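User: Hi! Could you walk me through the pockets and the packing in this one?
Analyst: Happy to. Here it is.

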Amino acid sequence: MFETPPDGLAHRDARIAANTPLAVRMRPRSLDEVVGQDHLLGPGSPLRRLVEGAAPASVLLYGPPGTGKTTLAMLVSQAIGRRFAALSAVSAGVKEVRAVIDEARRRLAHSGEPTVLFIDEVHRFSKTQQDALLGAVEDRTVLLVAATTENPFFSVVSPLLSRSLVLQLRSLSDEDVRALITRAVADERGLGGVIGLATDAEDHIVRLAGGDGRRALTALEAAADSALAKGLEEIDLATVESTVDKAAVRYDRQGDQHYDVISAFIKSLRGSDVDAALHYLARMIEAGEDPRFIARRLVIQASEEIGMADPTALQVAVAAAQAVQLIGLPECTLNLAQATVHIATAPKSNAVTTAISAAMDDVRKGAIGSVPPHLRDGHYAGAKKLGNATGYRYPHDVPDGVLTQQYPPDELVGRDYYQPTQRGAERAVADRLPRLRRVVRGQDPPE
């Protein structure tokens with residue numbers, strides 16, 4: 001029988017390694033090489049003890065793509081004396097699950113060797129498939145390490161949840177991603193220093209990654225291949241843009257671009273230019289701006305620029321902010337866009353803004369005065385002896401629900417803060433308010 005010579009095996013392995021994706025070649029070989037997830041990998045933490053072979057517990061690793069779930073599972077498998085088996089919930093069924101469990105049970109009985117079973121995308125398993133794991137997890141025939149991008153409390157059956165530790169991984173920070181890129185450029189397993197990386201190109205890859213380490217390394221590899229083919233000594237921004245088909249958005253979340261773009265966004269909303277507002281929204285999202293920051297600005301704009309001209313604007317903005325929290329990117333882009341369109345096209349009024357500003361200005365100047373006695377709290381013993389709540393008239397006792405009564409302190413009687421406009425729904429308020437003020441102040445008897 002023909003046998004491949006040792007030097008042939010080495011050559012074959014080298015070819016295989018060369019064709020392996022950069023993200024796989026750069027996969028951490030130990031916990032010391034893991035970037036991010038410090039909250040899970042501190043001394044004595046369950047995950048660290050599991051990787052070090054000291055804690056035989058099944059775990060569900062829950063987090064966004066590219067945060068290290070598969071890497072951590074493989075590190076768990078490398079603990080001394082463990083066999084590693086892997087299944088993908090995309091292609092495996094109950095038959096494959098039971099086959100792995102049967103083999104694990106046989107090995108455990110004959111050699112005492114435990115099996116680490118890694119299941120990627122476990123949320124794709126049906127209830128029946130997940131139930132097939134319960135017995136083996138319960139008696140530790142297998143040590144289950146399951147990964148999911150979906151909330152396991154919604155996608156994994158309760159019995160399996162109760163038998164496992166749920167550990168949530170977080171998106172990598174920009175500095176974490178930058179550290180991965182820097183290591184990949186220099187490391188022999190990566191680019192081995194054969195080509196450099198321009199600072200602006202690195203910044204663009206970091207932004208493109210969006211906290212996903214795998215995405216960053218994939219983009220770096222594509223750009224490096226293109227740059228080397230061109231004979232370049234350094235990966236420049238133009239090469240990164242051409243290989244990932246996505247232009248760099250000039251945007252610094254800590255610098256001028258952050259403030260300039262959000263300022264333009266706000267002013268476009270105020271000016272009712274819906275198209276410009278959508279443009280600046282897109283720039284912020286593409287540049288990796290925190291969607292919660294954008295949502296907060298929309299909620300503020302709904303009251304600051306629209307107010308009572310369209311009271312539903314605030315409801316839409318708040319709903320968008322809640323959607324950002326519940327859904328996250330990229331889907332919440334639609335919610336932010338809907339709120340942007342609503343606020344940009346709504347009738348505008350800053351009457352609420354100027355009203356509260358005027359009221360606060362008076363308070364700061366000392367125009368405070370005492371609360372009229374009939375409006376004070378009367379719900380305690382002795383309150384009436386002090387004259388509190390005596391003489392208060394209940395508006396619902398009259399047909400119109402409005403009656404003559406002093407509400408502000410003496411010093412502020414007749415002071416008008418709110419000046420409604422004739423725009424949108426505020427027109428109706430503007431028509432009604434003068435009559436309300438006359439009745440309340442006793443200048444016009446109620447009908």
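Analyst: One term to start with: a pocket here is an open set of grid points with protein on both sides within 12 Å along at least five of seven lines. Also keep in mind that this is a predicted model.

User: Thanks! So how much space lies in the second largest pocket?
Analyst: About 360 Å³. Its lining has 16 residues, and Tyr407, Pro408, Arg437, Val440 and Arg441 lie nearest the centre.

User: What classes of residue are in that lining?
Analyst: Eight are nonpolar, four are polar and four are charged.

User: And how much space lies in the largest pocket?
Analyst: About 1800 Å³. It is lined by 45 residues, with Pro64, Ser171, Gly210, Gly328 and Leu329 the closest to its centre.

User: Which elements give two or more residues to that lining?
Analyst: Those are H11, H12, H15 (274–286), H16 (291–306) and H17 (312–327). H11 gives the most, with five residues. By class, the lining of the largest pocket has 20 nonpolar, 12 polar and 13 charged residues.

User: Switching topic: which residues have the most contacts inside the largest nonpolar core?
Analyst: Ile181, Leu197, Ile205, Leu220 and Ile235, in a core of 28 residues. Helices H2 (22–25), H10 (174–186), H11 (199–209) and H12 (213–229) each give two or more residues to this core. H12 gives the most, with seven.

User: What does Ile181 touch, leaving out residues up to four places away in sequence?
Analyst: Ile181 touches Leu197, Glu202, Ile205, Val206, Ala216 and Leu220. There is also a second, separate core of 27 residues, including Ala295, Ala320, Val324 and Ile343.

How values were computed:
Residues numbered from 1 in each chain as written. Predicted model: local features only at pLDDT ≥ 70, side-chain atom pairs only at ≥ 80, totals over all residues. Heavy atoms only, no water. Core = buried A, V, L, I, M, F, W, Y, C linked by side-chain atoms within 4.5 Å. Buried < 20%, exposed > 50% of the residue type's maximum accessible area, 1.4 Å probe, protein only. Helix = DSSP H or I, 4+ residues; strand = E, 2+ residues; numbered from the N terminus. Contact = heavy atoms within 4.5 Å. 1 Å grid on protein atoms, 1.4 Å probe; cavity = no way out; pocket = protein on both sides within 12 Å on 5 of 7 lines; lining within 4 Å. Points joined across faces, edges and corners; volume = space filled by probe spheres on them. Nonpolar A, V, L, I, M, F, W, Y, C, P; charged D, E, K, R; others polar.
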